[in-house]
Every structure is written in structure tokens, then in C-alpha cells.
Amino acid sequence: MSEAREGKAEKLHRLLETEGDAVAENTRGFNRGRYESTDDLPAYEALKDEARAIKEDAIERLPELIEELREAVESNGGTLYVADDAADANEYVRDVVTERGDRVVKSKSMTTEELELNEHLEGAGVDVTETDLGEWVLQIADEAPSHIVGPALHKSSESIAELFNAHFDPDPPLSTPKELTNFARDMLLQDIEAADVGITGANFVTADSGTIALVTSEGNARKTAVVPDTHVAVAGVEKVIPSVEDLAPFLELIGKSATGQDVTSYFSLFTPPIASPPVAFDRPDRPMGEDPARREFHLVLVDNGRTAMREDEDLRETLYCIRCGACANSCGNFQSVGGHAFGGETYTGGIATGWEAGVEGLDSAAEFNDLCTGCSRCVPACPVKIDIPWINTAVRDRVNHADGDGSFDFLVEGLTPDEEPGGLAPAKRLFGNFETLAKWGSRTAPLSNWIAGSRPARWAMDRFVGVAAERELPAFQRRTLVDWFESRGSCVAPEDATREAVLYPDVYTNHVAVERGKAAVRVLEALEVRVVVPRRTAVGSGRAPLSQGMVDTARRQAERCRDALEPELDAGRDVVVVEPSDLAAFRREYEKLLPAGDFERVSGSSYEVLEYVFGLLENGADEGRLSAGDDEPVDYHAHCQQRTLGLDEHTVAVLERLGYDVTTSDTECCGMAGSFGYKSEYYELSMDVGEPLQQQFGEDERRVLASGTSCVDQLEALLSRPATHPIELLAPDSSAR
């Protein structure tokens, strides 16, 4: 392993050891809560559509809404300041604060983290106290947040007790969560009462009235806003929405998406400046603010790259983010290592790449961008339907193009059939060109397999390319699926067929998993489908280069794949796909890679193989021609992108219909996600992500089924027993031609 990869692997290992358990417990808890609360939410998808439409409209009309907001804030008696960048914002806030005193209390605000406002104020001699419990813990520990919603979720209550006892030396020492919380509350109330200025963020700001909305689980934010005489709210310009009425869908979605709560503990609407209320029980008639006439309000809207993001076709959707953290909670890698690995300067989780690329630049985003495996689990989790995997892919592509220090680029560029520039990491170049590798591997098998498995070759692949020495490599087949079908032909005559289909020979099925391709043909033919597997269709879908951020190469391959499938579509044939990630390319990414009409045609005529079988059985095909289960127990893990497309239930339905006793995996991700688990620096992380599967399926000896190639590989590594695609189980006769 190279020195750089070794350093990254060591960092991930350290985080797995020190923070992994706490992050996993908390994020998986949030995730389970989100499922439960959204299951009870009628019209969940319609609410998400409504929320997205509001954000789309707000970002489109942002300059107009900011001017409307300025009029509202100023008519209320407050001040609106639009800061161009972090330095501008920090200077404005510093001037406001230092003119009024030297003590500030803050509620949690990721925007002020982005600005590094604390450091700037402290440099001006201001005493800053965070009042959110998690942020206060981190301030004492001198650490950065690891999660957008739960900044200290990587810490256990035991470690917080140890921190408090060492820092404050209380007598008696603190130990329980209740003792820790009561201690923090008493300390923070003293600081809030004594503060000169309170600084908050804002979850939303309405242009019509100048109202700010704060959504919190603690009461600190409203105290911070109303107790000190001066309130400064700092928010990105993207937080502006048109009206108070537009808050409705976000109120339904944000708590459920963030922590799985039906309603958050506090939802506060302020139209400041407002008079300070009485908040001390021993002084029920006396407001905390001594003179209501002196109360001030400053709203600081921060641009800091957001206007450029608004004009950026790939990053624009990032501005729809409502900072719920659902993308982080749903991410397998984040659940294992948390935001100190999966984040940049400020933002964490899947959406962090877009934010960091927009407000900090590519260098910051590049540090963790590869941790997104593109599994797309975050897509259905996002309450405003942001295509986070695409943002990560687009940024990865830009990072690829930004690097240019490859010593042998002139040679590599001449020998590789991709559209990428020099400087591309060797591992990305290798996995992005898997189609070429597979063709040569099949032509020269079994020699290619022998060489690839030799100890010197494995050492060299680990050292120079970054292929994990621990991972078993795929064995290329000399006789491909296309070769087999050309010599065999179709077993269903045109006049006997109920339908005609082309089985798409994806790169892996054609060159490595040939038996599952044969099984797919036999299953479809048993159900009276006339199948063809033309050699011209044996081309990559573009999925492999897309996963490496090689967008130009992926687009070229998508166009080639479209051209190969067009004659089949013209002939009225359905396209049946075995590999879920290729179907995901057809149904999702081709929208970004092909003209709209071509995308609609390919995606609308393509089916996952068990989805297709389900449809045939539902329409009267004879299930008795398939291999029955006779109550055989099987463990089944659905591919992550198959789940995102909502297709996993078809496989379970077919298996149960045929008499199999199916146990489905509780976790959504096996940890492999394509090439990710093959990379040296990520091998250990991929195995950790797969640990829940190992715990669920590892104790029994039932047959293991998985829909995706990478899932099969990972399950075999985790469980040390074979795993197969469900279609192979259903094939009526494995000895057939």
C-alpha cells in the first residue's frame, strides 16, 4: 500500500476504534426512528415534493426574496446585512459584538462553524460560550462537530463524564446523563444571563415577515435569542423562503428526517426585535432584558460561494438542503466512521461534498469525497429529494480533472480507452476501465486468473494500484455469456413466445458471472419469453467509470450502450438487466448522460430480472416451470440501488411465491458498493459496514442470496460460505443447454 493510502487507512482504523461504536448506535437509532415516523406520515412523498418545490422556487427567486426580506426586517426595527464571504460576515458580527460588550452566548449554527466565527470573536477578545449541550461538550474538548444535527454523537456519556470531571473537578464527580445535563444547564444559564449578545442560526427565514424559525431539541436557542439585549442571527442566503405559510411541509419533515421525532422539542418563530420575556421563576414580573427599548436585532445573510453554487448546474441542488442529516444517518460508511472522516471543514455526510466544494473549494471536498460509494441510500432519505450521489460524482469528476501530477500520464492516456485527463488516481483508472480489463481477462483466461492471483501480482496491485491484497479477485471466464448464447441460440420459437426480451450482458455477467446469465436465460425461456443476447449489446453501461467520477467516459459509454440497445427496442423487445447497478444507471444516471428522449426510451423499456419475472407470473406465466423451494429457508440481501428503485420486494415476492422461506437482511448496505471494498485503504471499513450482515446471517447455514455482484462478493467474504444470485435458484434445470 502506498504511503498516502496507508495514512488514510490508519485514520479510518483509528476512527473505527475510537468513535465507530457511538456513531453507529446513534445514527442507526436516528435512522430507525425516521423509518417509523415517516411510515406514519400520510402523503410522505407528496410532502417531499411540496418542500422541494418551495426550495426550487426560493432559490430561483433568491435576489428578489432577499430584497423583500430586507424591507420586512427593517420595518420591524431590525437590520439586514448580506455578507459576501466569511471575512465580511465575521467583521460585521465582531463590530456588533464589541460595541456592546465582550460576552457572547451562541446556539448551534453550522453556518457560524463554516465562518469560524468563534475563533474570530475570541481573537478580538470576546468570551464565547456555546449553549447547545453537544457544542458545549466539543468546545470544552476543543474538537470539531462530527454531525450536522448531533455534533457530539461520537462521544459516549462515559467519555463526557470523564471530560467534565477533568475540566471542572466537581464534587462529587459526575457520572449519569442526568447529572451531566443538570450540571451543564446550571452552568449555561449563568452564561446566558450574563451575556451581552446572543448569536443563533436560523433553520428558515421568511421573506414576507422577517420571521426566523429555529428547530431545536433543547431550550437553549430561544434563551440565547431573547435574553441578551442584542440578538444576531447568522444564516446562509439559501435559508430564505417566501412566506410563513411555506414553513408547513418543513415542520412536518425536518424532525422526522433528522432524529426520527414526530415533533422536535422546540420549534420557535421569532419576528425580532422582540421584548425580552420573564424567564426566571423568582422574578416572574421582570423581563430578563432590562430595557425593551434597547433591544436590537441583526440578521446576517451569508453568501460565501452560494451565489456561484446557484449558477452551477451540478451544485445548485445543494442549496435545497435543510440540514437534517438524514443523508449521513442513512450512509453505511458514515455509520461506521462518522463525520470526522466523512466531512470537510464544516459539513458532514453525503451532502457535505456539495457544501464543501461550494463554500471551501475542491481541496476540502476531495479529502472525503471517495467515501461516498454512490449506493444511493441517501436519495429516498432526503426530505427535499436532492440527488446527492450525482453531486458527489460531479465533484469527484472535478477533483479528477484538478489533479495533474501523474508521472506517466502521457503513456497511460495513450493506452487507456477513456476520456479522462492525466493525473487520475491509478485505482480509479483501473476500476473505471473494468470493461477493457474484463475483455482481456476472458481472452487470456485461465492464464490471466493465474497471474492475477500470484503473490507478486497481488503485492504489485496493492502497492502501485491500490487493490486490497485481502480481497479475492473475480475469475474471468474464457467462454463468455455471449459466446455461450451464440452457439446455443434461443430455445423458444417466435410463434411460441409470449414476449421477446434482450438479456443485457453487463460486463460482469458476460465475463465473470456467466452462470447467472445462463440461469437468467433459462428462467425467462421457461416462462415462454424468447430471449436474445446479441454480441453487439455486450458493452459497458458506463456504471464503472461513473462510480470513479469519470463522467466524460461514462457519457461516451452510455451513448454506445444506447446505440447497441436501440435495434432491440426497435424490434419491440424488452431489456432485462441482471445487475441492479446497471439498471440504476439506465433509470437514474442516464437522465444526466443522454438526451431526454433517449433516456426515457431506455429507462422505460428496461427491467431488473426478478422484477420482470414477477411481472410475468402476475400476468399468468406458469410458476410450476421454475425451481420450487419446498419451504427451504434462505437468507436474502437486496442490492442498495435495487432498494432505492423500489425493486427489492419483487424478488422476495417471487421467492415466497415459489415456496422459499425468506429472511431479508435488516441492514441496507453490505459495505462493498462496487469497487469500494476492493480498494486497499477502504477494505477494513467495508468489512465493518458489513458487520451487521455478518451478525444476522453468520450464525446459520442457510443458503445466502444477493442481487448484486458486489453484494455476493462481500457476503462470501463476511460469511465464509457461497452466496448466489436469486435467479440461479429459480433456474429450472442447471444441466440444460
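In the predicted model, helix 14 (326-330), helix 15 (332-337) and helix 19 (388-402) each contribute at least two residues to the lining of the largest cavity; helices are DSSP runs of H or I with at least four residues, numbered from the N terminus. A cavity is a set of points, on a 1 Å grid over the protein atoms alone, where a 1.4 Å probe fits but cannot get out, and lining residues have an atom within 4 Å of a point. The largest cavity holds about 150 Å³ of space, the volume being that filled by probe spheres set on the points, which are joined across faces, edges and corners. It is lined by 19 residues, of which Cys-331, Gly-332, Cys-372, Thr-373 and Cys-375 are the closest to its centre. By class, this lining comprises ten nonpolar, eight polar and one charged residues (nonpolar: Ala, Val, Leu, Ile, Met, Phe, Trp, Tyr, Cys and Pro; charged: Asp, Glu, Lys and Arg; polar: the others, Gly among them).

The structure contains five cavities of 30 Å³ or more. For the second largest cavity, the volume is about 90 Å³. Its lining consists of 14 residues, with Cys-321, Cys-324, Gly-325, Cys-327 and Cys-382 the closest to the centre. Twelve nonpolar, one polar and one charged residues make up the lining of the second largest cavity.

Residues are numbered from 1 along each chain as its sequence is written. Because the model is predicted, local features need pLDDT of at least 70 and side-chain atom pairs count only at pLDDT 80 or more, while totals for chains, interfaces and linings use all residues; side-chain values use heavy atoms, without hydrogens and water.

Key:
1 Å grid on protein atoms, 1.4 Å probe; cavity = no way out; pocket = protein on both sides within 12 Å on 5 of 7 lines; lining within 4 Å.
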